[in-house]
Amino acid sequence: MVGSLVATAFWAMLPAYVPNNAAVLAGGGRPIDGGRELRGARLLGDGKTWRGTAVGTAAGVVLALALNAVVDPVSGAVGVDLPAFELPAAVALAAGAMAGDIGASFLKRRSGRERGAAFPGLDQLDFVAGALAAVFLVAPAWATAVFTLPVVAVVVVMTPAFHLVTNVGAYALGVKAEPW
Ligand code: CTP
Ligand code: MG
């Protein structure tokens, strides 16, 4: 029961987890805010780029399509009826995750935090909030069927731990500047 909730939560959130990691690898180039400032601080900062956002979103969508190709064998192997991703849901999960992360940078700059500064809580859940808000907006029927209340609860509890592990890993590998 709990195992199937965790499996569903992890599977359904994969297209929202991967964009951030892909953006770290692909980042660079022109910042989204074009260097603009608001009241003496950058609007978003150099850590939010067009290339990172585009590659991150594309990576999430491609992953969702790849998961669709293996949803039957994987469901059989783990004994859980995992959902396939409708294209609008896949796009919403990936783009929503990127948007949530960008929104968090906006809030970080407004609260005086420099690029790369930690904002505990927000860092771990910004992309979850963005992905869930977007998928419920864009694909409400799919989202309601997949993200039941227990699944959302598991996502909210599990994601911070998972986020911490992947970011410490990326930091240890030298691909990320900070371990958060
Ligand atoms: N990145 C990007 N575009 C995005 C998100 C991330 O290019 N939309 C890249 C940037 O190179 C960024 C790195 O991934 O520096 C790490 O992402 P993140 O930790 O989200 O950004 P920070 O540099 O820590 O900036 P901020 O303080 O605004 O979160
Ligand atoms: Mg950061």
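Me: How far is a polar side-chain atom of Ser105 from an oxygen atom of ligand 1?

Reply: This is a predicted model, in which local features need pLDDT of at least 70, side-chain atom pairs count only at pLDDT 80 or more, and totals for chains, interfaces and linings use all residues. Residues are numbered from 1 along each chain as its sequence is written, chains are lettered from A and ligands numbered from 1 in the order written, and side-chain values use heavy atoms, leaving out hydrogens and water. The distance from the Ser105 atom to the ligand 1 oxygen is 2.6 Å.

Me: Which residues are the closest to ligand 1?

Reply: Counting a residue as near when one of its heavy atoms lies within 4 Å, 19 residues surround ligand 1. Lys48 also has a polar side-chain atom 2.6 Å from a ligand 1 oxygen. The closest are Lys48, Thr49, Ser105, Arg115 and Gly116.

Me: Which residue has a side-chain N or O atom 2.9 Å from a nitrogen atom of ligand 1?

Reply: Here we look at the nitrogen side of the ligand. The residue whose side chain supplies that N or O atom is Thr53.

Me: Are H1 and H6 oblique or roughly parallel?

Reply: Helices are DSSP runs (H or I, at least four residues), numbered from the N terminus, and axes are lines fitted to C-alpha atoms over the stretch in contact, with angles from 0 to 180 degrees between N-to-C directions. H1 (residues 2-26) and H6 (residues 149-172) pack at about 45 degrees, their axes 9 Å apart. Under 35 degrees counts as roughly parallel, over 145 as roughly antiparallel, 65 to 115 as roughly perpendicular, and the rest as oblique. H1 and H6 are therefore oblique.

Me: How many nonpolar residues are in the contact of H4 with H6?

Reply: The axes of H4 (residues 122-138) and H6 come within 8 Å and cross at roughly 140 degrees. Contact means heavy atoms within 4.5 Å, and among the residues making this one are Phe127 and Leu132 of H4 and Val155 and His163 of H6. Ala, Val, Leu, Ile, Met, Phe, Trp, Tyr, Cys and Pro count as nonpolar, Asp, Glu, Lys and Arg as charged, and the others, Gly among them, as polar. With 3 polar and 1 charged, the nonpolar count is 9.

Me: How many charged residues are in the contact of H3 with H4?

Reply: The axes of H3 (residues 87-110) and H4 come within 6 Å. Residues that meet include Asp101 and Lys108 in H3 and Asp123 and Asp126 in H4. Beside 13 nonpolar and 3 polar residues, the charged ones number 4.

Note on methods:
Helix = DSSP H or I, 4+ residues; strand = E, 2+ residues; numbered from the N terminus. Polar contact = N/O pair within 3.5 Å; in protein donor to acceptor, adjacent residues only side chain to side chain.
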